[in-house]
Amino acid sequence: MKFTAEQIAEILEGKVEGNPEAEVSELAKIEEGAEGSLTFLSNPKYTSFLYTTNASITIVNDDFEVEQPVNTTLIKVKDAYKAFSTLLEYYNQIKLNKSGIENPSHVSDSAEYGEGLYLGSFSYVGENVKIGKNVKVYPNVYIGDNVKIGDNVTIFAGVKIYSETLIGNDVTIHSGAILGADGFGFSPGETGEYSKVPQIGNVIIEDHVDIGAATTIDRATLGSTIIRKGVKLDNHIQIAHNVEIGENTAIAAQTGIAGSTKIGKNCLIGGQVGIAGHLTIGNRVKIQAQSGIGRDIKDDEMLQGSPAIGYSDYNKSYIHFKNLPRTMNIIHQLEKKMNNG
């Protein structure tokens, strides 16, 4: 699909400088721009590429002044970076705007769905499922019985959604994610064997949540595992049974959260963090990558290490740890002097 500079400027409420009929059909970085591509310039570090790029159209800030002749048509906007992001979102909507039910796929007679549904091939929709408007379900997706899905939800290929899961509006679930599998609940017997504890709760995903590829969210033993509004989950995250994650918290890849832990609002959790079970983590907490959390955390704490300690304390301690061989050598020298003295 092709767009002219004039059409793009209208979408972005910008002003064209150059050829309003210049056409583009792809997006590119400014240093790699080719004829027929659209790029942007917001970081002054890349200004030199504006004069050499072959991109047909370049988005720039309103206050940008050209110092040399350019071959590219300019679209001037208030914020070039934000405008380009808006255009990426618009492009994505067009690219992903599929509709209809492909075959082979299975939709149970008792399932209900709203207008604008796209259901990809080899997908399965179970009994009593309710799907809202403008939902996109890509191929090889499994949706179990009694699942409810809101409006404007995108579920990419290979996602598995177990029974009773509730999903809000404007949610994105990336490939390979699994929602509602059994929590890790086993009861040890007298002779060392384990008996499974039935997991009869569910998973609740509120509005505007993003779930990364291959992330797993276990159903509760009783009650619900809850991911609150606006949470952003990276790839390969494990969230155990009865965990609750507060609004607008963001968690990076390979983090594991054990059962029944409650995490507050607006937290930032780095990659490969391990969080023990039955803890309470406050609001606006920041946890650095590879930290191990084994205690309750108050609001606004910043932590690092395993087991994690205060971020500033960790940095001070690390200086001593880094110098430990030299410090020990000094101590040994002093011991020798004392023994010889």
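Residues are classed as buried under 20% relative accessible area, exposed over 50% and partly exposed in between (1.4 Å probe, protein chains only). The model is predicted, so local features need pLDDT of at least 70 and side-chain atom pairs count only at pLDDT 80 or more, while totals for chains, interfaces and linings use all residues. Residues are numbered from 1 along each chain as its sequence is written, and side-chain values use heavy atoms, with hydrogens and water left out.

The structure holds nine salt bridges. A salt bridge is a side-chain nitrogen of Lys or Arg within 4 Å of a carboxyl oxygen of Asp or Glu. Lysine 196 pairs with aspartate 182 at 3.1 Å, N to O. The two lie 14 residues apart, lysine 196 in strand E23 (residues 194–196) and aspartate 182 in the loop between strands E21 (178–181) and E22 (186–188). Strands (E, at least two residues) and helices (H or I, at least four) are DSSP runs, numbered from the N terminus. Lysine 196 is partly exposed because its relative accessibility is 45%. Aspartate 182, at 37%, is also partly exposed. Glutamate 301 and arginine 295 form another salt bridge, at 3.5 Å, N to O. Glutamate 301 has 21% relative accessibility and so counts as partly exposed. A network of salt bridges links Glu206, Arg228 and Glu244.

Pockets were located on a 1 Å grid over the protein atoms alone. A pocket is an open set of points where a 1.4 Å probe fits, with protein on both sides within 12 Å along at least five of seven lines; lining residues have an atom within 4 Å of a point. Grid points are joined across faces, edges and corners, and a volume is the space filled by probe spheres set on the points. The largest pocket has a volume of about 560 Å³. Its lining comprises 18 residues, with Gln93, Leu96, Asn152, Thr154 and Thr172 nearest the centre. Helix H3 (residues 80–95) supplies the largest share of this lining, three residues.

The second largest pocket has a volume of about 230 Å³. Of its 15 lining residues, Met1, Phe3, Ser25, Leu27 and Tyr91 are closest to the centre. H3 gives the most to this lining, with six residues.
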